[in-house]
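The report below goes through a protein model, from its chains and domains to the contacts between them. Please keep the sequence and the structure at hand while reading.

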Amino acid sequence: MSSSTVSGKPLPREVRRRKAAGLPPWMNPPPPWVRALKALAIVLIVLTMAYPLIYVIAMSFAAPEQARAGVVFPTEFSLDAYRVIFEGGTVTTGLRNSLWLTVVGTALSLAFTSTLAWGLARTRQVPGAKAVLIMVLATMFFSAGIIPNFLLVKALGLLDSLWSLIVPGLISAFNMIVIRNFFMNLPGELIEAARIDGAGEWRIFLRIVLPLSKPVLAVMALFYAVGYWNTYFNALLYINDSEQWPIQVVLQQYVLAGVTIPGSLPVADQPPPPPGVTLQMAVIVLATVPILLVYPFLQRYFTKGVLTGAIKG
Amino acid sequence: MSTPTATDTRVEDAARPAPPRRRLTLRQRIWRERWTYTFIIPGALFFLVFAYVPMLGNVVAFQDYTPFRGFGGSPWVGLANFNALFSDPELLIALRNTLIIAALQLVLAFPAPIALALLLDSLMSSRVRRMVQTVVYLPHFLSWVIVISVWQQVFGGGGLVSAVIDGFDIMTNADTFKLLVVAQAVWKDCGWGTIIFFAAIAGIPQDRYEAAAIDGAGAWQRMRHVTLPGLVPVATLLLILNIGSILTVGFEQLLLQQPMVGMEAAEVLDTFVYFRGVLGGEWGIATAAGLFKGVIGTVLVLAANKFAKRLGGEGIF
């Protein structure tokens, strides 16, 4: 079948390479020096992106002498930093607050976003739905600003409560549009049939619409969850009580503002505490781990999530 | 967006069961959809209370507001807050920094994802490409607190680089700070930004490449004359969106680093509002600054959209 048997001569090298790579016949593989250059660029980019994170993780486990001396990569390891941090309490409180915020916030955001999206999916049949949709879309092009939002949260008595980090941002207009687009492309016959059978609007939503929309709901859940986990400024703005701080504020205090981590000061008759730098690294790692844990699941979906919103939204 | 099953009817088009021939009155239509409103009302109320009520809060910009007296009791001062604002030297610093950083972002950070997408697209092995994508998307999901903490540990005093080069510390250098801000933004979001360009590249018909190749165009020329023009619509759209948020330059990023480099280098409009209003208690001036920023942002996005349409491209609305 191949042309080499027809002509009886071996194919030129570049044609053989092209075939091996599965390229279309008009595309020639690039010359070696271009390939080398590209490989170099890719290696540099990957190192720039990944090495800082790997370094921080490694240093959080570094033995005290190496951490104090400052090395490019530690070779001796110790768990002391994590032990001290979990004994200290402040970081644990921060992690607990963030966990609560992420779980409760994501559940509520998802519930309110998807119900609104279903309510606005049939703007032609529901009087007033179009007006509400326009009202929601308009919020994507302006925002009231920091001070009016602060005054509102204060007036509602939400200051110093973790609810202040959930309620004002409960529904993202952008996410609502993405879910609505998905709902509008669901098979209409199925829903119509359910209506004919006498199923109510809520029954249809809970039994048919939501189960069919698992992929988009997964993406939105993960986007919301990442947002709640990463909450920093709103917490700074609305929460003064350090017992209520989410992990990002705790991290900022210990790593950037230079507040001393409890347990990092030497105490008489006790073994010397791990150096401040390993403790800081360990706090960074603890604040990052949940993101790293959901990331592989996130990755399966997020191209779809970004594109449905960006192109159709 | 792909439809889960092979059907043509969409939810939007699906008729109600046995639609009556006669036209329903508005009241009847509302009654028929009464359960649908239980879906709409909570969300609509949310947007009214948390997006539109705060808009009213902007009246503070025209008042000598104190929280004790409230909106009703604070005296109206007309444009006095705006007068005070525009003669404030700190605002000028904030405005200048905002514009410089925005310009640098536009020139240096905006093209970065396009370049990265082109590079990754030109890779032969899709396995390598997926691996690289996994790595470069990740920083997008890290908070600014984490990103800056990590940078501090790598590029700050006593960090990784200073272990090799003695005394190296770019995190506290006020002169190069604006470039540092752009570099951090590229590190965090350049990879993520490629997703949308990949989609655009995937949408370019293969026969265009084939035709170009038959006409003798090499790989480089195909990229310049086929791929790049294919990216123009998406790039325009993103540019419009970016211009609308030109006065919003990495608020958390700058707020977090201001203590390290000082106000002169790192004050932008948003940090000005935060420090003056929430911390300084000058509610009127801070709100005026926020309102100024909001209005300019909205005007810019509308203008950019109109401009894009006039150039023959597609706007976003």
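## Domains of chain B

Domain bounds are taken from an automatic or database domain assignment. On that basis chain B is divided into domain 1 (27-62) and domain 2 (80-310). This is a predicted model, in which local features need pLDDT of at least 70 and side-chain atom pairs count only at pLDDT 80 or more, while totals for chains, interfaces and linings use all residues. Residues are numbered from 1 along each chain as its sequence is written, chains are lettered from A and ligands numbered from 1 in the order in which they are written, and side-chain values use heavy atoms, with hydrogens and water left out.

The centres of domain 1 and domain 2 of chain B, taken over C-alpha atoms, are 34 Å apart. Contact (heavy atoms within 4.5 Å) involves five residues of domain 1 of chain B and seven residues of domain 2 of chain B. Buried area, the accessible area (1.4 Å probe) that two parts lose on being put together, summed over both, is about 450 Å² between these domains, with carbon and sulfur atoms giving 70%. On the side of domain 1 of chain B, Asn58(B), Val60(B) and Ala61(B) lose the most area to domain 2 of chain B and together account for 82% of what that side buries.

## Phe292(B)

Helices are DSSP runs (H or I, at least four residues), as strands are (E, at least two), and both are numbered from the N terminus. Phe292(B) is placed in helix α16 (residues 283-310) of chain B, and its C-alpha atom is separated by 9.6 Å from that of Ala61(B), 231 residues apart along the chain. When neighbours within four places in sequence are left aside, Phe292(B) is in contact with Phe86(B) and Leu95(B).

## The interface of chains A and B

Chain A, which has 15 helices and zero strands, contributes 104 residues to the contact with chain B, and chain B contributes 102 residues. The area buried between the two chains is about 9400 Å², of which carbon and sulfur atoms give 75%.

A salt bridge is a side-chain nitrogen of Lys or Arg within 4 Å of a carboxyl oxygen of Asp or Glu, and the count between chain A and chain B is one. It joins the side chains of Arg122(A) and Glu33(B) (3.1 Å, N to O). The largest share of the side of chain A that touches chain B, 19 residues, comes from helix α15 (residues 276-312) of chain A.

## Salt bridges within and across the chains

Over all chains the rule gives eleven salt bridges. The side chains of Glu201(A) and Arg122(A) form one of them (3.6 Å, N to O). Because Glu201(A) lies in helix α11 (residues 201-212) of chain A and Arg122(A) in the loop between α6 (90-119) and α7 (129-138) of chain A, the pair ties together parts that are 79 residues apart in sequence. Taking buried as under 20% relative accessible area, exposed as over 50% and partly exposed as in between (1.4 Å probe, protein chains only), Glu201(A) is buried at 8%, and Arg122(A) is buried at 1%. A network of salt bridges links Arg122(A), Arg195(A), Glu201(A), Arg32(B) and Glu33(B).

In chain B, Glu90(B) forms a salt bridge with Arg276(B), their closest N and O atoms being 3.4 Å apart. Glu90(B) lies in helix α5 (residues 89-109) and Arg276(B) in helix α15 (residues 269-279) of chain B, so this pair ties together parts that are 186 residues apart in sequence.
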